[in-house]
Amino acid sequence: MGKAKKGGKRMTKKVLSEKLEEFFSTQPGRTFSYKEIFRALSLDTHPLKMLAIDVMDEMSWDDFLARVSDNSFRLNQAGQVLEGEFRRKGNGKNSFIPDGSDQPIFVSERNSMAALNGDRVKVSMMARREKHIKEAQVIDIIKRAKDQFVGRLRVEDSFAFLITQDNLFVHDVLIPKDKLDGGQTNDKVIVKVTKWPDADHKNIMGEVIDVIGASGDNNVEMNTILAQYGLPYKYPKAVEEAAEKISDQLTEQDLAEREDLRQVFTCTVDPKDAKDFDDALSIRKLDNGLWEVGVHIADVSHYVEEGSIIDKEAEQRATSIYLVDRTIPMLPERLSNFLCSLRPDEEKLCYSVIFEMDDEATVKRSRTVHTIIKSNRRYAYEEVQQLLEDNGVVDGTDKPAPAPSKGGYKGENALELITLDKLAKKLRAQRFKNGSVKFDSEELHFDVDEKGKPIRCYFKRSKDANKLIEDFMLLANRTVAESVGNVKNGKKAKTLPYRVHDNPDPQKLETLREFISKFGYKIKTEGTKGETARSLNRLMDEVNGKNEEKLIQTIALRSMMKAKYTTHNIGHFGLAFDYYTHFTSPIRRYPDLMVHRLLTRYANGGRSANQDHYEELCEHCSEMEQIAANAERDSIKYKMVEFMGDRIGEEFDAHISGIQSYGIYCEIDENHCEGMVPMRDLDDDYYDFDEKNYCLVGRRRHHKYQLGDAIRIKVAQANLEKRQLDFTLADDPAKKRQVQNKKSQKTI
């Protein structure tokens, strides 16, 4: 396409190139969409628009323009020198992410200057060979992402070496023998870099700063996972000593300043192995016919003074971490498991949100107050679930509980718990009606023996008892956020950390729409947030129980954005709430503690807190939440590999849970352990990766491996050090064809 008409005349490619070059050069730093460019240059015919798109693609290829998204560009001001983040891959296919972009640029190993993952670097764009990908060369390492690394020690005659799980380093990390801190071969250690590579020395020099312990020991392996993410695996002695000095005695002033709810039926409902009970529910019938439901949250802010040594440690940690076999608490054990934990038959200080609601769970009024409570009973989720089922409450529905039989309800405190369940179901039904997204979550669990070895692996689905607690916590969090954020027009809301969830990625949503259309399903991708969410819910209902259910659920989840903390409220798409925060878990989440302090400050007439300061804290908490989630995931991977290590050579029914250009991930149906069949083992054909349709397709025989497909696998290898499970296909298509060919020959 070399020419296109404009106003009866033909505009050549050269002329249009000059116009585009002038347009972008005079407006550096601005990003323009196709529509904005067409309008600015009066490109009002289809041929002209198509020619412009071709020209801009070429300009992007030549690095004059930077592609910001599929349909927008900006001037590439940086020219041939860019700054950004280096990302190292074990296979040598490293990349560079320029500032202000998410498009990776290839960096070969020889051009990496030994940069490591996360390092901030400066690169020079290399001259591109014809039909070759963009490539960059690292010319300066501006800032190292970290200088401490975790790995396994190998001690030899004159030097020791650090071996990392993911082969981070191109050249060895050398450790002088007088810098081992007592470490021996196969010990897991933390090494601090003392000298980086330079023009004369390619190796990294380091020293051992902590010996975690011998490889293979369960405690050592769990602590190693924490150390790899820079997470603490020991509690500072000074912080624990400070916690021990906090008095557990309630004073007359404590009682005088609080609403006394010790006589109201109150209970906690938690996992059976929980020790930190940070929330409780109370319920009673009022004289006006309404139900009073109290959501009582441990008043951590009463015990942890802002700026104290305990507070600084909690702020740094930002969250408790839940590995497979242990909890690494945000607060010292004296606080998390004793002083603040809402244990039964103990008087406890709380910050409570108390609702008055009718039988339809419509909230007539609410108040947020400091209280003192006394829990009557500690329940495990399983106990409450059994009680509900014994009384005929149908699991997984939003129907109210049935009326009691002549003999009354079965079980201790059954009336109170069944009423709470009935009200929670009403709240849930209303939430879904308003557009809350309905994804049923499953959590992988392990039963472990006294040495931490996994003996059982299974998924837990959220049942009515879990949802009962969840719905009242959601209501409390929402109510607290509205009390600060929902102000009259013209007024500015005071600073508060919100939990926000942005709208789904439009491109990913469109990909989902196109993909599900092949199965005959539809989804609304345009319109209000509520319409999109309700459309997603209809889709989840339609695919329920179908062969493609897991496949479509997986792709739908990938279209969702990640929730985060911020002082800039944009609402919560997944919950369909305009205002939402985290208030209900201050024992294990620092943002909840921030919210408690700000609520108390504002209730006492205090001015709005410094937004910039709290935004920094929100960013830190969001980052630590993600790091903790990664560590939790790695602990699950480790136990998964350990569990399957005794099952090498065994065959299992599975389904394809992920597809990449390098192989297919498969999840075993009976225990949900996931491993990979490497691409090299798919040797019956050459397979192309169809990223858009989530499948691999054979070039010659057109055999297809699709996300969600049933498959039979054999466990080939379990590598604990790499936390990696390798499978092979038990129903190899090539072998099947060989058998079929032999049968055909015999028939002939």
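Helix α3 (residues 46-61) lies across β4 and β5 and runs at about 110° to β4. Helices (H or I, at least four residues) and strands (E, at least two) are DSSP runs numbered from the N terminus. Axes are lines fitted to C-alpha atoms, for helices over the stretch in contact, and angles run from 0 to 180 degrees between N-to-C directions.

The model is predicted: local features need pLDDT of at least 70, side-chain atom pairs count only at pLDDT 80 or more, and totals for chains, interfaces and linings use all residues. Residues are numbered from 1 along each chain as its sequence is written, and side-chain values use heavy atoms, with hydrogens and water left out.

**Exercise 1.** Describe the sheet that contains β4 and β5.

*Solution.* 
1. The sheet is open, and its three strands follow the order β3-β5-β4 with antiparallel pairing. Two strands pair if DSSP finds at least two bridges between them.
2. β3 (31-33) and β4 (65-69) are the edge strands, each pairing on one side only.
3. From one strand to the next, the twist averages 35°.
4. β4 is joined to β5 (residues 72-75) by four bridges in the antiparallel sense, and A66 stands opposite R74 in β5.
5. Helix α1 (residues 13-25) packs on this sheet and touches β3, β4 and β5, where contact means heavy atoms within 4.5 Å. The direction of α1 makes about 70° with that of β5.

**Exercise 2.** Explain why one side of β32 and one side of β34 are left without a neighbour in their sheet.

*Solution.* 
1. The open sheet has three strands in the order β32-β33-β34, with antiparallel pairing.
2. β32 (687-690) and β34 (704-706) stand at the edges and have a single partner strand each, so one side of each lacks a neighbour in the sheet.
3. The twist here averages 20° from one strand to the next.
4. Three bridges pair β33 (residues 695-698) with β34 in the antiparallel sense; L696 stands opposite Y705 in β34.

**Exercise 3.** Identify the residues that touch the most other members of the largest nonpolar core.

*Solution.* 
1. A nonpolar core is a set of buried Ala, Val, Leu, Ile, Met, Phe, Trp, Tyr and Cys residues joined through side-chain atoms within 4.5 Å. Buried means under 20% relative accessible area (1.4 Å probe, protein chains only).
2. The largest core has 94 residues, and L335, M357 and F472 touch the most other members.
3. Helix α12 (residues 464-485) gives the most to this core, with ten residues.
4. Neighbours within four places in sequence aside, F472 contacts residues including L281, V293, M357 and L427.
5. A second, separate core of 47 residues includes Y521, F573, V641 and Y705.

How values were computed
Buried < 20%, exposed > 50% of the residue type's maximum accessible area, 1.4 Å probe, protein only.
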